[in-house]
Amino acid sequence: QVQLVESGGGLVQAGGSLRLSCAASGGTFSSSAMGWFRQAPGKEREFVARIGWSGGMTIYEDSVKGRFTVSRDNAKKMVYLQMNSLKPEDTAVYYCATIKAGSWHEGDYWGQGTQVTVSS
């Protein structure tokens, strides 16, 4: 199975940018669709973005469209989430995950998460 480690979170002012990274090891990363999810305090974990195994088939949650961009580098076994124009409501723990086969955005294997805090 694949192991995932996120990094790049931190504290940023509203309107700022962050780039999250997800490093994969083991498993069959290059043949897996990958997703980013987030969980805000007191809320359930929600889907943010997904990217297909070849880098296509990107899907975004409505509130991040036009602000977030998901990408991947299969040679480096990395997935990225570029987050621009950040808002306080983007504050959450962000997780990367493999996408379950046959699903559009159901997570399968998960990383430990990285905290993103956006101050107003």
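How much space lies in the largest pocket? About 190 Å³. A pocket here is an open set of points on a 1 Å grid over the protein atoms alone, where a 1.4 Å probe fits and protein lies on both sides within 12 Å along at least five of seven lines. The volume is the space filled by probe spheres set on the points, which are joined across faces, edges and corners.

Before going on, note that this is a predicted model: local features need pLDDT of at least 70, side-chain atom pairs count only at pLDDT 80 or more, and totals for chains, interfaces and linings use all residues. Residues are numbered from 1 along each chain as its sequence is written, and side-chain values use heavy atoms, leaving out hydrogens and water.

Now select T28, S31, S32, T98 and I99: of the 16 residues lining the pocket, these lie nearest its centre. Lining residues have an atom within 4 Å of a point.

Next, select R38 in strand β4 (residues 34-39); strands are DSSP runs of E, at least two residues, numbered from the N terminus. Is R38 buried or exposed? R38 counts as buried because its relative accessibility is 5%, where buried means under 20% (1.4 Å probe, protein chains only). Show side chains to find its polar contacts with E46 at 2.6 Å and Y94 at 3.0 Å. Such a contact is a pair of N or O atoms within 3.5 Å, one able to donate a hydrogen and the other to accept it; residues adjacent in sequence count only if both atoms are side-chain atoms.

Finally, select M78 in strand β8 (residues 78-83), buried at 17%.

Conventions
Helix = DSSP H or I, 4+ residues; strand = E, 2+ residues; numbered from the N terminus. Buried < 20%, exposed > 50% of the residue type's maximum accessible area, 1.4 Å probe, protein only.
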